[in-house]
Structures are given as structure tokens and as C-alpha cells.
Amino acid sequence: MKKLHALRAFLAQAMPEYTTDPQRLKVFADQGTLVAKGTSSLAFAYRYTGTLVLLDFTGDVDKVAVPVLAWLSTHQPDIALNKEQRERAVRFEAEFIDANTIDLVIKVDLVENVAVHELSLIHISEPTRLLSI
């Protein structure tokens with residue numbers, strides 16, 4: 001589940017408070033499935049919900065949403081390109097601790113395709129897409 005590790009690292013880089021206190025940023029893979037490609041090779045895909053938990057968050061939620069969406073536009077572009085996925089692939093929940101603090105949970109549907117070549121595993125990157133801001 002390389003994408004989930006990469007998303008965590010990207011978010012921590014965008015939000016230094018989670019680099020200095022990494023215990024406040026938890027990640028989990030939920031509802032995972034292994035999907036065989038149905039071909040003569042052993043290729044398969046990991047499909048799972050990546051869950052990010054930001055504990056004691058005290059900022060504008062936009063500071064989380066923008067880096068998550070930026071990362072997804074490169075590493076899971078089908079979410080942005082497909083209307084149906086775009087509307088349901090990224091979800092969130094918030095628990096209000098006090099007037100300035102929340103625990104924020106973000107859930108993202110992720111897919112990692114894996115090619116198998118002579119029993120060597122190769123994680124396939126998403127196609128490159130230029131992001132305009």
C-alpha cells in the first residue's frame with residue numbers, strides 16, 4: 001500500500017505540525033480487497049479506503065483539503081476525471097473537541113495496480129497529468 005504511505009508523507013510535508021508531532025497523523029487501510037486482473041498473468045490490484053486521522057487539528061480544513069486533492073490529481077487522477085468517483089471517493093468526518101479543535105477523519109478510495117513479471121512485482125504508476133492552478 002505504497003500510495004497511502006506517499007499520501008501521508010505528502011500531507012506531513014504540506015503541514016509541518018504533523019512532521020514535528022507525527023503521532024497526531026494516523027493512517028489506516030480499511031475495507032481492502034485484492035482483485036485479480038483475470039488475465040494469464042498474476043497481475044492484481046489493491047483496492048482499499050485510505051483513512052487519514054488528524055488529531056487535535058486547529059486550522060482551516062482547507063489546509064488539509066487542498067494538499068489531499070493535489071496529491072490525488074497526480075496519484076489517483078480518475079477521482080478528478082470521473083464525475084461519479086469525484087462525488088463519492090473522498091469523504092470526511094469531524095469530531096469537535098472544543099471551539100478551535102477537531103479530530104478530522106478523511107477517507108479516500110485508492111487503487112494500486114501491480115504487474116507481475118517473472119515473479120517480480122512492479123507497482124504501476126498513474127499516468128502523468130499536468131495540474132494547472
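Leaving aside neighbours within four places in sequence, which residues is D103 in contact with? In this predicted model, the partners are L54, L55, D56, E93, A94, E95 and I97. D103 itself belongs to strand β4, which spans residues 102–117. The residue is buried, yet no salt bridge is formed. The nearest side chain of opposite charge is that of R24, 7.6 Å away. A salt bridge would require a side-chain nitrogen of Lys or Arg within 4 Å of a carboxyl oxygen. A polar atom of the D103 side chain does lie 2.8 Å from the backbone nitrogen of D56.

L54 also contacts D103 and R24. L54 is part of the largest nonpolar core, a set of 22 residues. Within this core, L11, L54, V64, V68 and I106 touch the most other members. At least two core residues come from each of α1 (2–14), β2 (44–57), α3 (62–75) and β4. Strand β4 gives the most, with five residues.

F96 lies in strand β3, residues 90–96. Its relative accessibility is 66%, so F96 counts as exposed; the cut-off for that class is over 50%. With neighbours within four places in sequence set aside, F96 is in contact with T101 and I102. F96 and F57 are separated by 39 residues in sequence. Their C-alpha atoms are 9.7 Å apart in space.

Terms used:
Residues are numbered from 1 along each chain as its sequence is written. This is a predicted model: local features need pLDDT of at least 70, side-chain atom pairs count only at pLDDT 80 or more; totals for chains, interfaces and linings use all residues. Side-chain values use heavy atoms; hydrogens and water are left out. Helices (H or I, at least four residues) and strands (E, at least two) are DSSP runs, numbered from the N terminus. Buried means under 20% relative accessible area, exposed over 50%, partly exposed in between (1.4 Å probe, protein chains only). Lys and Arg count as positive and Asp and Glu as negative; His and the chain ends are not counted. A polar contact is a pair of N or O atoms within 3.5 Å; within protein, one must be able to donate a hydrogen and the other to accept it, and residues adjacent in sequence count only if both atoms are side-chain atoms. Contact means heavy atoms within 4.5 Å. A nonpolar core is a set of buried Ala, Val, Leu, Ile, Met, Phe, Trp, Tyr and Cys residues joined through side-chain atoms within 4.5 Å.
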